[in-house]
Amino acid sequence: MRALHWFRADLRLRDNLALEEAARADECLPFFVLDEAILRGSRTGAPRVRFLLECLRALRRELAARGSTLLVLRGDPAAEIARLLGATRAELVTWGRCETPLARRRDARVRAVARRAGARTLETKDDVVFGSEEVRTRTGGAFAVYTPYRNAWEARLLAEPQPPRRAPRLPPPIPNVEGDLGVALPSPEELGFGESRAELPVAGEEAAHSRLERFLSKAVRSYTTDRDMPAREGTSRLSPYLRFGVISARACVSAARACADDDRSAAEGSRKWVDELVWREFYRAILAENPRVQRGCYRKEYDALAWNEDPEAFAAWCQGRTGYPIVDAAMRELAATGWMHNRLRMIVASFLTKDLLLDWRLGERFFFRALVDGDPASNNGGWQWSASTGSDAQPYFRIFNPVSQGLKFDREGSFVRRWVPELEGVDERFLHAPWEMPHPPKDYPPPMVSHAERRRTALRRFEAVRRAKEGARRRGA
Ligand SMILES: Cc1cc2nc3c(=O)[nH]c(=O)nc-3n(C[C@H](O)[C@H](O)[C@H](O)COP(=O)(O)OP(=O)(O)OC[C@H]3O[C@@H](n4cnc5c(N)ncnc54)[C@H](O)[C@@H]3O)c2cc1C
């Protein structure tokens with residue numbers, strides 16, 4: 001029997017159920033499709049494409065070391081897979097399920113193509129520990145609030161532990177296909193993504209697992225406190241790997257739980273860390289159940305919120321020259337590395353939506369292009385959380401003050417000094433509010449808005465929407 005395994009966001013050999021299924025065949029050809037529509041899409045940016053290409057190179061090396069190969073195709077996945085099925089006469093195509101609206105549309109077309117070619121398709125759960133249909137309320141509904149979701153998720157894990165699986169033995173690839181159909185793995189320049197110089201993490205499964213081991217051997221013990229300190233290596237930085245499935249969520253959860261069992265001092269941190277992985281699955285479930293959140297607010301009433309139109313303010317935010325040091329340092333870190341610390345993502349998102357009063361969708365789009373870990377569900381969830389428009393979001397009246405956030409989470413200012421060289425020599429007392437200095441640095445901008453004023457405006461706008469909703473409810477009652 002001949003099988004094809006379609007690698008997508010599962011760029012790994014270990015704990016890959018779809019690959020394991022395909023590997024039961026006599027011949028198995030693993031392939032990846034560089035989707036032309038995604039590559040040309042306005043939401044795709046250089047850091048993620050560069051990291052993807054590096055991960056594909058690493059995967060190809062791993063496959064070659066096991067006597068297999070990675071066929072690279074380029075174009076529309078359904079058309080490419082139709083061609084591949086025609087050329088190989090494979091009877092089975094496997095892939096890991098993905099629940100984003102785009103993936104669902106694409107996969108429906110691929111299923112139809114396979115059916116026409118007389119091939120069977122097999123989809124497995126490889127992106128999450130539990131999919132949206134597996135974590136339900138007592139009445140079978142979807143959760144809208146994180147804590148009960150997490151409790152149900154944990155109960156399910158207790159009942160059905162999901163141990164990660166080893167990499168399968170791979171049968172030989174289907175011969176005489178690669179030269180005819182495949183393309184060489186392109187460079188970022190060839191794909192038009194040569195401009196970025198962001199320092200990216202080392203690609204590949206080995207790198208992901210050693211990062212996990214390193215995190216669990218040390219930083220996890222202080223995770224509950226250090227996870228909010230951007231100047232420290234307090235978090236795992238596994239998000240780019242999880243984004244492309246270079247490591248599985250099952251492997252992460254299982255290793256964290258084992259670490260907690262072995263070492264009591266790691267128990268609290270491990271538990272908190274698993275909670276974060278559950279947020280990832282919560283947001284995936286929210287998007288799967290409510291595809292409309294890609295365009296509109298989860299809480300529909302907030303679609304009526306008034307936002308400012310201010311391209312100059314948006315540009316200043318993007319470029320890290322708002323005059324608020326913690327915001328600017330974070331945005332510059334993003335530009336330089338394609339990554340941003342979670343606390344800072346919350347601060348800059350709050351600043352965009354509640355200080356600049358700009359639509360969260362602008363920030364979401366900018367982040368998605370810029371982030372190496374840009375993920376449709378987590379990015380949308382994070383933005384809607386910060387803008388207070390999401391499911392189980394930050395309450396609208398809790399608006400981050402960028403100065404006190406800076407003081408609280410970067411008190412000594414080492415993070416700000418690293419990314420905003422104009423402030424390097426500024427005394428700690430003034431670092432998060434340099435405009436209060438007798439002679440502020442001339443090469444650093446003054447704050448572009450007054451936080452106190454903008455906070456009042458944001459509150460008024462949210463309250464207007466709430467009053468309108470309440471009025472409509474009363475009239476309807
Ligand atoms: C505005 C905004 C946008 C975001 N956009 C993305 C995005 O595009 N892609 C992305 O992976 N994460 C996103 N996040 C979530 C979070 O910031 C990152 O996952 C985290 O910073 C990654 O760092 P880490 O791997 O060191 O995390 P750790 O603290 O080590 O956490 C482990 C893993 O848990 C998951 N995780 C952690 N926090 C969250 C969270 N709040 N929501 C969902 N998953 C989480 C990630 O997969 C992460 O790798 C966003 C958050 C906000 C506030």
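Predicted model: local features only at pLDDT ≥ 70, side-chain atom pairs only at ≥ 80, totals over all residues.

Trainee: Okay. Which residues touch the most other members of the largest nonpolar core?
Mentor: Phe-7, Leu-11, Trp-153, Ile-247, Trp-273, Trp-317 and Val-327 do. That core holds 121 residues.

Trainee: Which helix gives the largest share of this core?
Mentor: Helix α12, residues 267-289, with 10 residues.

Trainee: New topic. Helix α17: how many of its residues are buried?
Mentor: Of its 11 residues, 9 are buried, so α17, residues 376-386, is mostly covered. The buried ones include Pro-376, Asn-379, Trp-383 and Trp-385.

Trainee: What covers them?
Mentor: The cover includes α12, α13, α15 and α16.

Trainee: What happens at the start of α17?
Mentor: Asp-375 sends a side-chain oxygen to within 3.1 Å of the backbone nitrogen of Ala-377. Just after α17, Ser-388 has a positive phi of about 65°.

Trainee: How do α15 and α17 pack?
Mentor: Their angle is about 55°, and their axes are 8 Å apart. The two helices are therefore oblique to each other. α15 passes α17 in a right-handed crossing.

Trainee: Which residues meet there?
Mentor: From α15, Met-346, Ala-349, Ser-350, Leu-352, Thr-353 and Lys-354. They meet Trp-383, Trp-385 and Ser-386 in α17.

Trainee: What about α16 and α17?
Mentor: They pack at about 145°, with axes 10 Å apart. That crossing is right-handed too. Trp-360, Gly-363, Glu-364, Phe-367 and Phe-368 in α16 meet Pro-376, Asn-379, Asn-380, Trp-383 and Gln-384 in α17.

Trainee: And α6 with α12: at what angle do the axes cross?
Mentor: Roughly 105°, and the axes come within 10 Å. That makes α6 roughly perpendicular to α12. On the α6 side, the contact includes Tyr-146, Tyr-149 and Trp-153. On the α12 side, it includes Arg-271, Val-274 and Phe-282.

Trainee: Now single residues. Where does Gly-234 lie?
Mentor: In the loop between α9 and α10.

Trainee: Buried or exposed?
Mentor: Gly-234 is buried, because its relative accessible area is 3% and buried means under 20%.

Trainee: Which residues does Gly-234 touch?
Mentor: Phe-215, Ala-219, Tyr-223, Asp-226 and Arg-227, not counting residues up to four places away in sequence.

Trainee: Last one, Leu-73. Where is its place?
Mentor: In strand β3, residues 71-75. Leu-73 counts as buried, at 1% relative accessibility.

Trainee: What does Leu-73 touch?
Mentor: Its contacts include Phe-31, Phe-32, Val-33, Leu-34, Leu-181 and Val-183. Phe-31 and Phe-32 also touch Phe-7.

Trainee: How far is Leu-73 from Ser-196?
Mentor: Their C-alpha atoms are separated by 24 Å. Along the chain, Leu-73 and Ser-196 are 123 residues apart.

Technical notes:
Residues numbered from 1 in each chain as written. Heavy atoms only, no water. Core = buried A, V, L, I, M, F, W, Y, C linked by side-chain atoms within 4.5 Å. Buried < 20%, exposed > 50% of the residue type's maximum accessible area, 1.4 Å probe, protein only. Helix = DSSP H or I, 4+ residues; strand = E, 2+ residues; numbered from the N terminus. Contact = heavy atoms within 4.5 Å. Polar contact = N/O pair within 3.5 Å; in protein donor to acceptor, adjacent residues only side chain to side chain. Axes fitted to C-alpha atoms, helices over the stretch in contact; angles between N-to-C directions. Parallel < 35°, antiparallel > 145°, perpendicular 65-115°, else oblique. Left-handed = near helix turned anticlockwise from the far one by under 90°.
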